[in-house]
Protein chains: 2
Amino acid sequence: MKNKDHLKLSDVGEFGFIARLARIFNQHLPKDVTGIGDDCAVLPWKGSQKLLVTTDLLLDGVHFLKEKISPRDLGYKALAVNLSDIAAMGGRPLWAFLSIALPVETELSWSKQFLSGWKSLSRKTQVGLLGGDTTRTTRAMVINVAILGEAQQIYIKYRSAARPGDLVAVTGQLGSSEGGLRLLLNKESKESSGRDEEFLLRHHFRPQPHLKEGYFLAHQPEVGAMMDISDGLDSDLRRIMESSACGAEVYLEKLPVSPALQRCSQKYGWSLEEVAAAGGEDYCLLITIGSEGYPDLDRRYRQKFRRRLHLVGRITGKKGKLVYLKDGRRVILQKSGFDHFKS
Amino acid sequence: MKNKDHLKLSDVGEFGFIARLARIFNQHLPKDVTGIGDDCAVLPWKGSQKLLVTTDLLLDGVHFLKEKISPRDLGYKALAVNLSDIAAMGGRPLWAFLSIALPVETELSWSKQFLSGWKSLSRKTQVGLLGGDTTRTTRAMVINVAILGEAQQIYIKYRSAARPGDLVAVTGQLGSSEGGLRLLLNKESKESSGRDEEFLLRHHFRPQPHLKEGYFLAHQPEVGAMMDISDGLDSDLRRIMESSACGAEVYLEKLPVSPALQRCSQKYGWSLEEVAAAGGEDYCLLITIGSEGYPDLDRRYRQKFRRRLHLVGRITGKKGKLVYLKDGRRVILQKSGFDHFKS
């Protein structure tokens, strides 16, 4: 065992580090404030309206590869992944702040395209850019986005609201973004790029924040916990388990996957279930639902969105235990999500 | 002349880039919102109370040198420089968000000390940490801090309120932080470090955000424009000139400097005036004052803070012209501030 003073961040991992931060800083918060530990912080605002705040740091080489993503897609995505955190609380996004560090040799045309990608989404979602910071960097490009949003206090959904017996559902297909990432990192894909590959890459570069879905689900009493899937179903479901002090089981055969991902998994020899369960950046929503309320909720959801809610598992009372089942039999999943301090 | 498409960020500079951002994004803002271009964004909040938001990106190798600053000082300073932006609007800081990218080999003890430095200031200023983001980096350490604060609408001071004839004053000594930085980058200082050197280094590592001063000055009707000095008097006064469409003259012999900086400038052959006028990171406040109101304001300020306001110049009607005078004679200052896109 290591001497505690020489422990490194990679020893405790990202979640360990955040848990430490939360222990230190969540101690003396006022009752009407939610701090570290959910998709957004929640603050008092106008009467029953609460202010939501979220911030995300994106680094070249860790969260994106500058040489592999167009400036337009990067501008779009930097905003999209933050909007997804607002969606996860059932909120409406209002204002954005963009901090960006660019190498001095960056061409103005690059930054114009970045801003045009950003604007294509900020216009659609009516999110104004109110400030930020710009600086040069001699090394990797850095982007930090902060978003303010609002939500009615009684409709905000937290990670801590899952209960044993609840069903677990997702609002979109899983693994397509991870498939796109694998193609990006695989040289083979260049030679054999077709419609399926394009589909996966589009999911990776242009994730759709589920703002309307989140807003709708927040208003449904059947929904318990809600969060967005950014690090992968496996990793993010564990966070709900931790916040709600429960366990979960996931039915691998029920994970919704695109035909394009199915075909590419066969073509490139990927484990489809691993890609779907552990791949990151889906940016759809993960919710828990009181089991009796599911049929009616699903009906209303279909009516509204012309798509269904995908049931993928169940919350259990086995605190901290995440079990994968395939056709009723327990299986071990190879990979277990993404941790920013473990490469 | 370069083809416009091949212009680089270093060609337009940081302020050119921010001006472009402001042109794009400030177009359709509601009347009760202040966006890009001041120390903080200003948003509607509780009745006559406004919400202030500021964010700053700090990179190892650009804004600090990880090997030259202790984790404790870095944690303190990352918060301090953001609080200074709240001070500049006359606000009260409320909540902070910290995004940090650390190399995986970072020891936990490092991050503990960083947080302890942060906490030493956050406790004193009662600023809670509500969230952020943590990630690994394979390259330079990155820190982004966002702060929310509040201020009474009628007392917020903007950069655009300077008028020809106003006096220009600062709330603290200039150049000590720049002196500290020069010592850090100079090998010679190690051999000859004494009390003066310690004084300058402390100013560089532990800037004092002038929150109380800013709050007091915001409530004084004589004060016109206010901002904090982060990039240097020269650079920051130009921003007031730009926002207020005016010019200014600065009296070099009146710049307040510490005896330690005077002695070190002699010892190391620095131009004292250049260090004071163009050195960055003073984090005191720069204000303009209706000229007739100055004596009374200075009296009240002395009463409250047991220090005086340092008069350093005057606002003129010569739009865009910043003139340096020394004992009444015009001089040319060698260096003209810090631009994050020009190294």
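Chain A of this predicted model holds an open sheet of 5 strands, in the order β1-β2-β5-β3-β4, with mixed pairing. Strands β1 (41-44) and β4 (128-137) of chain A stand at its edges. Each has a single partner strand, so one side of each is left without a neighbour in the sheet. On average, neighbouring strands of this sheet are turned by 20° against each other, direction ignored. An open sheet of 7 strands is also found in chain A, and chain A is in contact with chain B.

- Strands β2 (residues 49-59) and β5 (residues 142-152) of chain A run antiparallel.
- They are joined by 11 bridges.
- A:Asp56 has A:Val145 of β5(A) as its bridge partner.
- In general, strands of a sheet pair through backbone hydrogen bonds, and the pairing is either parallel or antiparallel.

**The sheet of 7 strands in chain A**

- The strand order is β7-β9-β6-β10-β8-β11-β12, and the pairing is mixed.
- The edge strands are β7 (223-228) and β12 (329-331) of chain A. Each of these has a single partner strand, so one side of each is left without a neighbour in the sheet.
- From one strand to the next, the twist averages 30°.
- Strand β6 (residues 167-170) of chain A runs antiparallel to strand β10 (residues 310-316) of chain A, and 4 bridges join them.
- Across this pair, A:Val168 stands opposite A:Gly313 in β10(A).
- Helix α2 (residues 71-88) of chain A packs on the sheet. This helix touches β7 and β9 (285-289) of chain A. The direction of α2 makes about 170° with that of β7(A).

**Strand β6 in chain B**

- Both faces of strand β6 (residues 167-170) of chain B are covered. B:Leu167 and B:Ala169 are buried on one side, B:Val168 and B:Val170 on the other.
- β6(B) is joined by 4 bridges to strand β9 (residues 285-289) of chain B, and the two run antiparallel.
- β6(B) also pairs with strand β10 (residues 310-316) of chain B, in the antiparallel sense and over 4 bridges.
- B:Val170 faces a residue in each of these strands: B:Val170 stands opposite B:Leu286 in β9(B), and opposite B:His310 in β10(B).

**Chain A overall**

- Chain A has 11 helices and 12 strands.
- Its radius of gyration is 20 Å, close to the 20 Å that the globule rule gives for 343 residues, so chain A is as compact as a globular protein of that length.
- Along the principal axes, the C-alpha atoms of chain A fill a box of roughly 55 × 55 × 55 Å.
- Of the 343 residues in chain A, 51% are buried.
- Take the contacts in chain A between residues at least 6 apart in sequence: 83% of them join residues at least 24 apart.

**Helix α7 of chain A**

- Helix α7 (residues 211-218) of chain A has these buried residues: A:Leu211, A:Glu213, A:Gly214, A:Leu217 and A:Ala218.
- They cover an arc of only 165° around the axis, which puts them on the same side of α7(A).

**Where the chains meet**

- The contact takes 57 residues from chain A and 57 residues from chain B.
- Several elements of chain B each supply at least two residues of the side that touches chain A, among them α1 (9-25), β2 (49-59), α3 (108-125) and β5 (142-152).
- β4(B) gives the largest share of that side, 10 residues.
- By class, the side of chain B that touches chain A has 29 nonpolar, 19 polar and 9 charged residues.

Methods
Residues are numbered from 1 along each chain as its sequence is written. Chains are lettered from A and ligands numbered from 1 in the order in which they are written. This is a predicted model: local features need pLDDT of at least 70, side-chain atom pairs count only at pLDDT 80 or more; totals for chains, interfaces and linings use all residues. Two strands pair if DSSP finds at least two bridges between them. Axes are lines fitted to C-alpha atoms, for helices over the stretch in contact, and angles run from 0 to 180 degrees between N-to-C directions. Two residues are in contact if their C-beta atoms, placed from the backbone, lie within 7 Å. Ala, Val, Leu, Ile, Met, Phe, Trp, Tyr, Cys and Pro count as nonpolar, Asp, Glu, Lys and Arg as charged, and the others, Gly among them, as polar. The radius of gyration is taken over C-alpha atoms; the globule rule is 2.2 Å times the number of residues to the power 0.38. A residue is buried if 20 or more other C-beta atoms lie within 10 Å of its own, exposed if 12 or fewer, and partly exposed in between; C-beta atoms are placed from the backbone. The arc is that of the directions from the helix axis to the C-beta atoms.
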